[in-house]
Amino acid sequence: MIQSAKPIRKRRIKGDGVWGYGFIAVALVIFAMFTAYPVFSAFIISFQQYKPLGSSYIGFDNYINTLGDSLFWKSIKNTIVYTILTVPVALLLSFAVAILILPLRKWLQTTFKAVYYLPAVASGVSLSVVWLWIYDPMPSGIFNKLIGLFGIQNQNWLGSSSTAMFSLVIMAWLSSHGTSIIIYIAGLLGIDESYYEAAELDGASFLQKLWYIVIPCLKPTTLFLLVTGVIGSFQVFQNAYLMTGGGPDNSTTMVGLLIFNNAFKYFEFGKAAAQSLILALIIAGISLFQFKFLGNDVEY
């Protein structure tokens with residue numbers, strides 16, 4: 001005897017489920033308006049000769065022109081150099097400061113974390129103004145005063161192609177690492193004390209504890225900070241824009257600054273959109289590479 005199929009019952013959302021989907025809907029609307037739509041719009045514009053009144057479809061011309069633009073590749077090179085010089089040093093400094101803060105009393109830890117995080121709260125424009133004063137090419141500039149003590153003549157730190165990039169790198173080294181420090185401290189506090197106790201019973205030194213316990217246990221934290229640090233450095237714009245404007249001789253023109261100039265200085269919105277999507281693909285590729293080859297033995 002053939003049994004009739006049971007009717008499918010529709011699940012109804014009741015009670016707390018309605019509120020849950022309601023809160024998710026708010027986040028999805030915000031994401032769609034301020035993230036998904038701009039990305040989709042940039043993708044469409046990248047295939048156009050964009051004009052506020054009447055854009056024309058030009059196919060892959062913007063991408064072809066970008067890949068054949070020597071300035072674009074120079075900006076990519078500058079960005080890679082900046083990333084290689086800043087991200088590893090920033091992680092090392094943040095890790096060292098976190099190690100030094102950890103043994104302190106609770107109120108001292110809080111004080112130091114607040115002090116190190118304070119520059120992250122301050123306006124980037126105000127910090128750049130301070131660094132412009134530090135790099136002042138006149139003898140009154142702080143760096144010129146320091147090197148003057150050793151008999152070295154004044155340097156035009158931001159106005160010379162030989163020192164401009166290194167000046168931005170030094171600024172990144174000595175600027176805010178507060179977020180990374182706080183994340184590292186949180187990771188250090190999450191390490192089980194039994195590991196240290198077992199190491200002390202075996203007579204392990206401080207460096208041995210650091211190498212065999214702390215560094216392996218902080219691999220997920222380090223990988224996270226490395227990936228986000230590389231993404232942030234590839235998107236760097238503010239420092240180059242405010243400090244050097246990309247000069248001299250485009251020696252500090254980062255890809256983010258180049259995209260900004262093409263869009264809002266030369267009004268080549270289609271080309272800027274194509275460059276931004278190429279940059280997104282580069283960042284995605286580097287991030288996947290980091291997760292693939294540096295995150296094999298990382299457990300979350």
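The dialogue below goes through cores, contacts, surface, salt bridges and aromatic pairs.

Mentor: A word on the source: this is a predicted model, in which local features need pLDDT of at least 70 and side-chain atom pairs count only at pLDDT 80 or more, while totals for chains, interfaces and linings use all residues. Residues are numbered from 1 along each chain as its sequence is written, and side-chain values use heavy atoms, with hydrogens and water left out.

Trainee: Which residues touch the most other members of the largest nonpolar core?

Mentor: In soluble globular proteins, nonpolar side chains tend to be buried together. A nonpolar core is here a set of buried Ala, Val, Leu, Ile, Met, Phe, Trp, Tyr and Cys residues joined through side-chain atoms within 4.5 Å, where buried means under 20% relative accessible area, exposed over 50% and partly exposed in between, with a 1.4 Å probe and protein chains only. The largest core has 36 residues, of which Phe95, Tyr184, Leu188, Ile191, Val214 and Leu218 touch the most other members. Among the elements that give two or more residues to this core are helices H3 (70-101), H8 (178-189) and H14 (269-294), and H3 gives the most, with 9 residues. Helices are DSSP runs (H or I, at least four residues), numbered from the N terminus. A second, separate core of 19 residues includes Ile147, Trp157, Ala172 and Met254.

Trainee: What does Ser167 touch, and is Ser167 buried or exposed?

Mentor: Contact means heavy atoms within 4.5 Å. Ser167, found in helix H7 (residues 164-174), touches Tyr135, Trp157 and Leu158, not counting residues up to four places away in sequence, and at 1% relative accessibility Ser167 counts as buried. Gln153, in the loop between helix H6 (142-148) and H7, counts as exposed at 61%.

Trainee: Where do nonpolar residues form a patch on the surface?

Mentor: Nonpolar patches join side chains of Val, Leu, Ile, Met, Phe, Trp and Tyr within 5 Å, taking residues with over 30% relative accessible area and no salt bridge. Val26, Val29, Ile30, Met33 and Phe34 form such a patch, with about 510 Å² of accessible area together, the areas coming from the Shrake-Rupley method with a 1.4 Å probe. Phe34 lies in helix H1 (residues 16-45) and counts as exposed at 59% relative accessibility.

Trainee: How many salt bridges does a search of the whole structure find?

Mentor: A salt bridge needs a side-chain nitrogen of Lys or Arg within 4 Å of a carboxyl oxygen of Asp or Glu, and the search finds 2. In one, Lys271 meets Asp69, with the closest N and O atoms 3.4 Å apart. Lys271 lies in helix H14 and Asp69 in the loop between helix H2 (61-67) and H3, so this pair ties together parts that are 202 residues apart in sequence. The side chains of Lys209 and Glu200 also meet in a salt bridge, at 3.1 Å from N to O, and Lys209 counts as buried at 18% relative accessibility.

Trainee: Why is the pair of Tyr241 and Phe260 called edge-to-face?

Mentor: Rings of Phe, Tyr and Trp (its six-membered ring) pair if their centres lie within 6.5 Å, and planes under 30 degrees apart count as stacked, over 60 as edge-to-face and the rest as tilted. The count comes to 21 aromatic pairs. The rings of Tyr241 and Phe260 have their centres 5.3 Å apart and their planes at 70°, so the pair is edge-to-face. The planes of Phe260 and Phe264 stand at 45°, so that pair is tilted.

Note on methods:
Patch = residues over 30% accessible without salt bridge, like charges linked within 9 Å, V, L, I, M, F, W, Y side chains within 5 Å.
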